[in-house]
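Here are my notes on this one, written as a walk through the model. Keep the viewer open and click along as you read.

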Amino acid sequence: MSPEEIFHGFQNHQKFCAESLIVEAEDKQLVPMLLGPGQVRLREGIALQRKRGLPVRIIYLKSRRIQATTGTAAEFFHETAFRAGVHTIVLAHDAPSCENIFRIYERFHNKYKPFAGAIKLPPSRPLSDRIYYEYGDDDESSFIQIHTAGNINFGRGFRITNLHFSEYPYYADAPATRASAMSAVGKTADTTVVIEGTAKTIGDDFHHIWQEAVDPAVESEWLGLFMAWHEHPGNRMALSVSLEVFANSVTRDERDLMGRFSLGYEQLNWRRYVIRNDFRGDMHSFQREHPATPEEAFTAASRNRFSIPHIQRMPIQRQAIVGELQIDELGEGEKRLVFLPGETGAMRIYKMPEKGRAYAVGADPSGGADVNKGKGQSDPDWAVAQVFDRDTFEQCAVLRLRTMPGEFGRYINRLLRFYNMAQVALERTGAGVGSLEALMNCNYPTGLIYHRPVANDQDPAVRSDKIGWQTDEISRQQLVSLLDDAIRQGSIFIHDPTTIQELLWFIINDLGRPEAQKGTHDDCVIAVALACIVMARMPMPAKPDARVAPEIRKYGQAGETQGRGKIVHPR
């Protein structure tokens with residue numbers, strides 16, 4: 001090989017690992033490091049952020065046994081040992097883990113095979129918990145150090161190039177440790193930070209960073225990676241009975257899993273064995289340690305208000321068109337409503353509006369309440385609107401942002417006009433009054449806005465002149481029950497991951513009240529329920545039009561037709 005070919009080959013991390021690094025296999029044999037699926041995903045994430053010219057910041061939500069720690073160690077060893085001035089720090093959650101991680105690096109160092117027989121390690125000085133590499137006159141130019149995460153003042157006094165938070169959810173004081181260590185990491189593109197772990201608690205720091213990383217409405221420096229249990233090739237077990245006998249024993253839920261994730265019988269057999277023996281039948285603990293989706297990893301630990309199996313069958317879509325709706329001034333008083341795609345934005349679109357179709361929107365303004373109640377990092381409520389197709393009951397778009405009630409009302413106006421002059425049920429309790437007033441000031445037809453019954457227990461067909469949805473203890477129960485029926489009957493189809501997650505976190509508290517689990521939000525849930533109110537109670541417009549507002553009269557009068565199929569019968 002020519003020197004140029006050797007150099008290019010050395011830059012190929014997967015090739016470098018296979019040729020030069022040794023790892024311990026599950027049978028305790030020492031073998032060349034061939035990257036597994038979880039390690040390849042990490043490599044791709046790092047490459048993606050480097051391609052964008054960004055500091056590499058990765059949060060890795062994972063199932064157990066995918067070797068993310070070994071994969072991160074290989075990345076950092078490759079970057080540290082062969083470059084001057086690279087400082088790599090690994091923080092483990094306890095002392096035994098610290099020792100185990102150091103053995104991985106120690107094995108890389110001691111068993112290293114010169115790449116292509118040409119690229120050798122520089123002079124070095126291994127110690128009990130660190131390895132120094134010498135460049136020039138500096139015998140500690142580059143180093144790899146492994147520590148426990150107990151010292152919240154760690155990182156003061158020196159510079160960090162690469163930082164690995166291993167099993168971060170299990171740190172004693174994760175936010176303080178992260179803040180201290182991250183202050184020593186440069187904000188340049190040659191720095192890398194990896195936070196990895198299995199989920200522990202809804203509302204902890206790991207959970208918040210993950211939520212922000214995968215939320216298009218938030219501009220986060222973190223890239224979220226997920227690895228499911230069934231993606232690891234080792235998570236399968238040979239059948240102990242005939243294929244026919246095993247196939248006949250598969251339950252409906254298991255068959256749903258097989259269809260959703262293309263599972264084989266050996267993978268299903270492994271799952272049964274682990275649930276029965278390792279977790280004593282505790283499905284919640286299994287899903288936390290071996291999640292099939294990010295939503296499973298953070299499933300609520302309390303009594304769920306909605307049916308988990310029905311929610312998990314929803315056709316989730318992780319790739320949406322993200323961006324913002326705005327009005328362009330074309331001159332001479334002419335305006336145009338346009339959608340501008342981007343990497344982040346308040347709008348997530350799963351189906352663009354189609355001419356001639358009718359849409360239902362549920363809108364839940366935000367009063368700014370902090371779900372953390374002033375403890376730790378603030379996490380205010382979101383203002384959310386959900387868009388559904390009135391014929392198919394399929395979720396088409398989500399608007400989710402933090403803004404003042406009046407601005408939310410004006411954004412709702414743009415959203416409703418974009419979706420063919422959609423009908424809307426807008427929560428008018430509290431901050432909603434400001435949103436409702438702003439919407440009406442935009443001259444949006446009041447016949448397309450939900451008017452509530454005079455009393456909660458009267459016939460929904462009888463309307464008053466009071467506009468907007470009013471929430472109290474009775475109407476809240478009606479709202480939640482309507483959504484619950486729609487989910488259980490398979491009447492609505494939800495694509496949005498954030499909405500799915502909030503449905504899974506919506507619980508019955510100790511007093512029997514349905515609400516979001518502590519530290520989580522229910523804004524997407526309430527907005528979906530309000531969209532169900534539109535579909536169940538408001539008559540379908542006679543002639544929905546994509547661009548020109550129809551002549552709208554107060555619903556129930558001539559010129560309007562009743563809806564084609566209420567999704568549920570209101571209780």
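1. Let's start with glutamate 167, which is buried, with a relative accessible area of 14% (buried means under 20% relative accessible area, exposed over 50%, partly exposed in between, with a 1.4 Å probe and protein chains only). You'll find glutamate 167 in the loop between β8 and α6. Its phi is near 50 degrees, a positive value in a residue other than glycine. Helices (H or I, at least four residues) and strands (E, at least two) are DSSP runs, numbered from the N terminus.

2. A word on where this comes from: it's a predicted model, so local features need pLDDT of at least 70 and side-chain atom pairs count only at pLDDT 80 or more, while totals for chains, interfaces and linings use all residues. Residues are numbered from 1 along each chain as its sequence is written, and side-chain values use heavy atoms, with hydrogens and water left out.

3. Now compare serine 262. Is serine 262 buried or exposed? Serine 262 counts as exposed, at 63% relative accessibility. Its place is the loop between α9 (252-261) and α10 (265-278). Serine 262 has a positive phi too, near 55 degrees, and it is a residue other than glycine.

4. Next, the open sheet. Eight strands make it up, in the order β5-β6-β7-β4-β8-β9-β3-β10, with mixed pairing (two strands pair if DSSP finds at least two bridges between them). β5 (124-126) and β10 (223-227) stand at the edges with a single partner strand each, so one side of each has no neighbour in the sheet. On average, neighbouring strands here are turned by 15 degrees against each other, direction ignored. For angles, axes are lines fitted to C-alpha atoms, for helices over the stretch in contact, and the angles run from 0 to 180 degrees between N-to-C directions.

5. Look at the β10 end of that sheet. Strand β3 (residues 56-62) and β10 run parallel and are joined by five bridges. Helix α6 (residues 174-182) lies across β3, β4 (87-92), β8 (162-166) and β9 (192-197), running at about 170 degrees to β8.

6. Then there's another set of strands. Strand β16 (residues 395-401) has seven of its seven residues buried, so the rest of the structure largely encloses it. Which strands pair with β16 in the antiparallel sense? β13 (residues 347-349) does, over three bridges, and so does β15 (residues 383-389), over six bridges. Isoleucine 349 has alanine 397 as its bridge partner in β16, and alanine 397 is also the partner of valine 387. Valine 384 stands opposite arginine 400 in β16. Five residues lie between the strands in the hairpin of β15 and β16, where phenylalanine 393 takes a positive phi near 60 degrees.

7. Valine 361 has valine 387 as its bridge partner in β15.

8. Last, the empty space. Rolling a probe the size of a water molecule over the atoms shows where empty space is left. On a 1 Å grid over the protein atoms alone, a cavity is a set of points where a 1.4 Å probe fits but cannot get out, and a pocket is an open set with protein on both sides within 12 Å along at least five of seven lines; lining residues have an atom within 4 Å of a point. Among the residues lining the largest cavity are Arg260, Glu295 and Leu504. The second largest pocket holds about 1100 Å³ of space. Its lining has 32 residues, with Glu24, Gln67, Thr69, Thr70 and Ile104 nearest its centre, and the largest share, six residues, comes from α5.

How values were computed:
Contact = heavy atoms within 4.5 Å. Points joined across faces, edges and corners; volume = space filled by probe spheres on them.
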